[in-house]
There are 2 protein chains.
Amino acid sequence: MVGENDYKNASLTEVAEMAGVSIATVSRVINKNSNVNPETRAKVEKAIKALNYRPNRVAKRLRNKNASSNLLGVLIPDIQNPFYVDVLRGIEDIASANNYALIMCNFSQDEKKEEMYLDILQSESIDGLIAAPAHENDQKVIGIVNSGLPIVCVDRGLANVDVDLVLVENRAGAYSAVDHLAKKGYKRIAYISGMKQIPSSQQREKGYIDALRDHGIEIDSDLIKYGDSRHESSTKLCEELLDMPNPPDAIFTGNNLITLGALETIHKRGLKIPEDVAIVGFDDMYWSISLNPPLTAVRQPAYEIGKRAAELLIQRINDSSRSVVNMILKTELMVRSST
Amino acid sequence: MVGENDYKNASLTEVAEMAGVSIATVSRVINKNSNVNPETRAKVEKAIKALNYRPNRVAKRLRNKNASSNLLGVLIPDIQNPFYVDVLRGIEDIASANNYALIMCNFSQDEKKEEMYLDILQSESIDGLIAAPAHENDQKVIGIVNSGLPIVCVDRGLANVDVDLVLVENRAGAYSAVDHLAKKGYKRIAYISGMKQIPSSQQREKGYIDALRDHGIEIDSDLIKYGDSRHESSTKLCEELLDMPNPPDAIFTGNNLITLGALETIHKRGLKIPEDVAIVGFDDMYWSISLNPPLTAVRQPAYEIGKRAAELLIQRINDSSRSVVNMILKTELMVRSST
DNA sequence: AAAAAAATTGTAAACGTTTTTATTGCAATG
DNA sequence: CATTGCAATAAAAACGTTTACAATTTTTTT
């Protein structure tokens, strides 16, 4: 009978027993750094194979508190947002190429959950962390920075804290979108923002306002709506905008999910884009071209953000004294037919 | 100076020292199950607070080999596919409500990566695993089933292995899509499948063929294309279909990503949907209504799949002897204007 | 008041590693 | 031949927990 024991995880002790050596020797064989007699090595390797031995990562981490555990943490605010999924892919490709496993935590824009996950990550003895903090004054994340754990922030920075950072030119990106709308002749341009406390939301609002100002368009605060970055809230906010006595002729949406929510509302009302209302979104998606109509959008290099962040993190792990890097990537306005 | 030590993780020993008791007592205070004098408890709790003590999960897992480590593994084939993201959300909601953390692994349809992640998960002493195996004869996953680790498969089953399983009626779902097309009068209906070795692809093909047969439509094997479930491959396969001397008048796409790829190709060619070619996708997305045109699709309850799987897994962890459950959820055809 | 029972706390082992230190055997040196 | 040096290996400690068991104190019973 093929019993359960066939699959039981063998330990160093069992390997040592089978090979007739001490566990120290087995460990030396595995971590090829030290001298061991070729014959002994052969015996041990045979036993390892026979028992299908795999080192226990938990024990390894406990013992090697300060050495590498080959484990990185990732903390992201919203797995439903395709932007973060692309960031994640970038991280994952670099991580697995460098033999790091990922423990991925999604806090769904919920600070309580964020705290829980940060606790868990810390007590898992990860080598380093890539995080998009809930907001600029995220004390939990700041605490981690101060603890000395290698960390790279993505998409969102921290106020008054020097930390490795990868993000995009949010202000400039938003500016290019609104500038484009203004040049096309739209006058009442609305902005549906993500959560107000997120740095990127603030930067994008700044770009929006700067662009309006440069075009001599008066800022109407009724045209600025703050959501929670979730699809449901953005459909509602878009409805509010369209219900105004003097509704906007164009909408700039602050992120992926907001764009999709706004589109849904516009379509439900049977309005024509861009004739009745134009729309530009922050965040491009690879299927933006298949939307109705093909969407004009500010493209962020999401995959590259993740890639760069992972590279920075691994560098930081290997050299904790290297100077702090803030990497600001460019955005690109993809003009299609929604404007 | 606020130094690094302020944030250093305290250990049981330090708490015990500060409170003037043994580590066993501290442990008892933390794991509220056993008797300890109220005064002692107060002293210990004060020390815990003062040192900001948090139990080390790694040590806990190592010690409690057989007890709960409050850690679940999730192994998914493709994080870029919104279907799996929704499954993940369902899993995560249940997991975090039950105090389980998630270690999430995405193998990008790459069996080498899958193997690596399964190794890692096993050696992390997880309590249980939710996995979508690479294919029906995935020996690595079968090995895990045999090892006795609690596991629930989602979306894809295993041949000849009794294991908890949550999936949808793939055959019936595909049937309803193709039946719908046939009733609408389409005669040359193509199928762009995901990876051939995935059980769900096979089941959907079966549904496709059964529906055609029931409508007396002859099966043309040139109209069946097999991709790798990635966006790039599906654009190419769609091109091949449209380039045929006798091209299809309707396409049934095997999953989310394939649908988006096919749409892209059709739009690039300036073809009208559904006049020039109709399309039904397997997998609905919450923004399907915003596509051009609003997409007719077979909806899978992805979130619920994840939720049910996590519930089953937790049950299994708590009672390894309960009988195996295969849960088959219904699909729903969302008729919009792409057909 | 002595014995028994119950409550509280402490001691030590164990989980599976890595690594420091100690031991062994053997060749080279004087 | 006695000493030294080196290579190979073993022994033991440590990482931070939980828990079985032992020891102590307090309470109850007789």
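**Note on the predicted protein–DNA model**

1. Nonpolar cores. In this predicted model, the largest nonpolar core holds 84 residues, and the members that touch the most others are A:Ile189, A:Tyr208, A:Phe252, B:Ile189, B:Tyr208 and B:Phe252. A nonpolar core is here a set of buried Ala, Val, Leu, Ile, Met, Phe, Trp, Tyr and Cys residues joined through side-chain atoms within 4.5 Å; buried means under 20% relative accessible area, exposed over 50%, and partly exposed in between (1.4 Å probe, protein chains only). A second, separate core has 58 residues, among them A:Ile305, B:Phe83, B:Tyr84 and B:Val87. In soluble globular proteins, nonpolar side chains tend to be buried together.

2. Surroundings of A:Tyr208. With neighbours within four places in sequence set aside, A:Tyr208 is in contact (heavy atoms within 4.5 Å) with A:Ala174, A:Val178, A:Ile189, A:Ala190, A:Tyr191, A:Leu223, A:Ile224 and A:Phe252. Two of these partners, A:Ile189 and A:Phe252, are also named among the members of the largest core that touch the most others.

3. Conventions. Residues are numbered from 1 along each chain as its sequence is written, while chains are lettered from A and ligands numbered from 1 in the order in which they are written. Local features need pLDDT of at least 70, side-chain atom pairs count only at pLDDT 80 or more, and totals for chains, interfaces and linings use all residues; side-chain values use heavy atoms, with hydrogens and water left out.

4. DNA strand D: surface. The protein places 27 residues around DNA strand D, the closest being A:Ser22, A:Thr40, B:Leu12, B:Ser27 and B:Arg63; a residue is near a strand if one of its heavy atoms lies within 4 Å of it. By class, this surface has 10 nonpolar, 11 polar and six charged residues. In that scheme Ala, Val, Leu, Ile, Met, Phe, Trp, Tyr, Cys and Pro count as nonpolar, Asp, Glu, Lys and Arg as charged, and the others, Gly among them, as polar. At least two residues each are supplied by α2 (23-30) and α4 (57-63) of chain A and by α2 (23-30) and α4 (57-63) of chain B. Helices (H or I, at least four residues) and strands (E, at least two) are DSSP runs, numbered from the N terminus.

5. DNA strand D: atoms. Phosphate oxygens of DNA strand D lie 2.8 Å from a polar side-chain atom of A:Thr25, 2.6 Å from a side-chain N or O atom of B:Ser27 and 3.3 Å from one of B:Asn31.

6. DNA strand C. Around DNA strand C there are 26 residues, of which A:Leu12, A:Ser27, A:Arg63, B:Thr25 and B:Thr40 come nearest. A polar side-chain atom of A:Ser27 is 2.7 Å from a phosphate oxygen. Bases are approached through the backbone: a polar backbone atom of A:Ala59 lies 3.4 Å from a base nitrogen, and one of B:Arg63 lies 3.2 Å from a base oxygen. The elements giving two or more residues to this surface are α2 and α4 of chain A and α2 and α4 of chain B.

7. Domains of chain A. The assignment, from an automatic or database source, gives domain 1 (4-55), domain 2 (71-168 + 302-330) and domain 3 (170-300). The centres of domain 1 and domain 2 of chain A, taken over C-alpha atoms, are separated by 36 Å.

8. B:Asn255. This residue lies in the loop between β8 (250-253) and α11 (256-268) of chain B, and it counts as buried because its relative accessibility is 8%. A polar atom of the B:Asn255 side chain is 3.0 Å from the backbone nitrogen of B:Leu257.

9. Backbone geometry. Most residues other than glycine have a negative phi, and most peptide bonds are trans. The bond from A:Asn292 to A:Pro293 is cis, with omega near -10 degrees, and the bond from B:Ile273 to B:Pro274 is cis, with omega near 5 degrees. A:Asn99, not a glycine, has a positive phi of about 70 degrees.

Terms used
A polar contact is a pair of N or O atoms within 3.5 Å; within protein, one must be able to donate a hydrogen and the other to accept it, and residues adjacent in sequence count only if both atoms are side-chain atoms.
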